[in-house]
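Here are some exercises to work through with the structure open beside you. Try each task yourself before you read its solution.

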Amino acid sequence: MTSLPAPQLLIDGRLRAATGDTSFPVINPATEEIIGYAPEAAGADADEAIAAARQAFDESDWPRRPGFRAHCLRQLKAALDRDFETLREITIAEAGVPRMWTDGPQLRMPVDGVDYVTGLLDHYEWETDLGTAAPMGMPTSRTAAREAAGVVAAITPWNFPTQINLAKVVPALAAGCTVVLKPAPDTPWAGAELGRLIAAETDIPSGVVNVLTSAGAAIGQQLTADPRVDMISFTGSTATGRLVMTAAAATLKKVFLELGGKSAAIVLDDYEVTAAASLTAFTTCIHAGQGCALTTRLVVPRAGYDEAVAACAKTMASVQVGDPLDQATVCGPVISAGQRERIESYLRSAIDDGGRFACGGGRVPGRETGFWVEPSVIAGLDNSARAAREEIFGPVLVVLAHDGDDSAIEIANDSPYGLSGAVFGTDPQRARAVARRLRTGSVSINGGVWYGPDVPFGGYKQSGIGREMGVAGFEEYLEIKSMAVPAGREPA
Ligand code: NDP
């Protein structure tokens with residue numbers, strides 16, 4: 001990593017070290033090596049970043065120049081394309097993402113998705129004519145204008161670093177907002193690299209984007225409490241989401257939250273259970289199960305339960321676990337020793353609750369350094385067990401039995417979360433009917449892929465508030481202003 005640009009803060013257009021020149025190590029989760037150091041932003045740095053974003057919003061014409069913003073986003077897209085291999089190297093090294101996934105949802109797809117957001121600016125209706133009416137007998141022409149929400153604090157997690165950084169920063173900029181980005185302590189490099197590209201390779205004015213790397217919760221807390229910040233855009237755990245919302249309440253900030261999940265894949269009794277089970281087991285291993293929308297509960301007809309468990313175990317045993325640099329690796333390390341311990345506590349709880357491992361259940365044999373967990377299938381639990389209810393965020397699949405469509409839907413919806421889900425059924429109408437009854441923000445039917453820059457993504461219930469991506473994801477960063485003038489006196 002020494003040949004890569006070292007992470008720096010971006011504050012008011014300047015790439016620099018933290019006040020006091022403090023830094024923290026960035027660890028490769030596959031090897032436990034220190035791959036570099038990121039600046040540890042001080043409270044004074046955050047204060048300066050917020051002030052710069054506030055000033056750029058209030059005093060520059062950035063919020064009122066959509067054409068210029070589109071030009072800047074095109075420059076950013078070109079810079080991301082040029083820098084793609086560097087971003088790939090960073091993503092693999094600091095997040096342990098298998099190279100395979102950088103060609104898809106971790107990197108290639110989100111980088112390409114910048115074009116979608118930029119394209120919205122070509123035809124977006126910033127002001128809608130609501131026609132005339134005569135409220136209280138006064139003939140009036142009305143319009144609804146959409147304007148930037150203001151200064152956005154974007155707080156992001158470690159599991160999909162560049163994808164989530166872009167999913168927040170790009171639509172916020174397109175909308176005319178200014179941004180303070182705070183990436184997760186485990187993955188500061190991706191955020192810093194985005195800041196470097198913005199500063200070095202785009203005309204985005206000083207102060208419009210600021211990046212603060214930090215290893216402690218203080219900077220995030222400062223962003224959520226500061227009255228100069230208008231909106232928090234947060235992705236992470238539901239527990240932290242609650243803290244963010246509570247802190248933001250004091251100054252009534254607009255809050256967008258993309259939180260945890262414990263999504264269910266339902267197999268209906270008219271579908272080939274082994275095919276659905278194998279696909280679900282495979283997807284649980286993507287990036288070692290560290291995806292909020294992965295379906296980590298498989299809900300199968302009781303009669304096909306044993307067959308499903310066996311199919312999951314067979315698939316997981318064949319998944320390539322190992323070096324994320326190897327193009328064939330599906331399942332890399334988990335992000336940290338702490339995360340591995342958290343997963344292991346769920347594995348222990350599954351046994352305590354009467355479950356059994358059909359495969360896995362421990363650390364990966366032969367891998368003494370790095371943070372490794374075996375792909376694991378848990379059988380013999382019902383939906384009340386901790387491992388079936390809580391987000392594990394590891395390559396762990398729980399297989400549950402259902403007794404018909406109503407029972408399957410009840411199990412799937414019996415969760416505080418509502419992020420995603422899947423239905424497998426031969427009869428498309430029946431499968432769609434089941435999908436409609438799931439209280440979740442997205443559903444895959446028979447393996448369909450809903451992820452894309454134009455597809456809104458987000459959660460029901462405790463999985464979040466609002467939507468990322470698509471037109472809805474862009475409009476999260478807008479306010480609506482209604483205006484009325486006496487009819488016949490409209491401005492030309
Ligand atoms: P967190 O939710 O704790 O952290 C996410 C981001 O929030 C980080 O940038 C973190 O940085 C910041 N943060 C933490 N506390 C606060 C606060 N009080 N105010 C403002 N920002 C804050 O995730 P973890 O990394 O601790 O992961 C824990 C669990 O969360 C995982 O095991 C997984 O279950 C779940 N998770 C879910 C994700 C999802 O996409 N839904 C993504 C990542 C994790 P800092 O700590 O420096 O403040």
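**Exercise 1.** How many nonpolar, polar and charged residues does the shell around the ligand have?

*Solution.* Before counting, note that this is a predicted model, in which local features need pLDDT of at least 70 and side-chain atom pairs count only at pLDDT 80 or more, while totals for chains, interfaces and linings use all residues. Residues are numbered from 1 along each chain as its sequence is written, and side-chain values use heavy atoms, with hydrogens and water left out.

Step 1: sort by class (Ala, Val, Leu, Ile, Met, Phe, Trp, Tyr, Cys and Pro are nonpolar; Asp, Glu, Lys and Arg are charged; the others, Gly among them, are polar). The shell has 13 nonpolar, 12 polar and three charged residues.

Step 2: look for the nearest ones. Among the 28 residues around the ligand (a heavy atom within 4 Å), those that come nearest are Thr-156, Trp-158, Ser-237, Leu-259 and Arg-342.

**Exercise 2.** Find out which parts of the chain supply the shell around the ligand.

*Solution.* Step 1: go through the helices (DSSP runs of H or I, at least four residues) and strands (E, at least two), numbered from the N terminus. At least two shell residues each come from helix H8 (218-225), strand E10 (231-235), helix H9 (238-249) and helix H12 (337-352).

Step 1: pick out the largest share, which is the three residues from H9.

Step 2: check the domains, whose bounds come from an automatic or database domain assignment. Domain 1 (9-259 + 463-482) and domain 2 (263-451) each give the shell at least three residues.

**Exercise 3.** In what order do the strands of the three-strand open sheet lie?

*Solution.* Step 1: read the order as E5-E6-E22, with antiparallel pairing (two strands pair if DSSP finds at least two bridges between them).

Step 1: name the edges. Strand E5 (127-133) and strand E22 (478-486) each pair on one side only.

Step 2: follow one pair. Strand E6 (residues 140-148) joins E22 over nine bridges, and Arg-142 has Ala-484 in E22 as its bridge partner.
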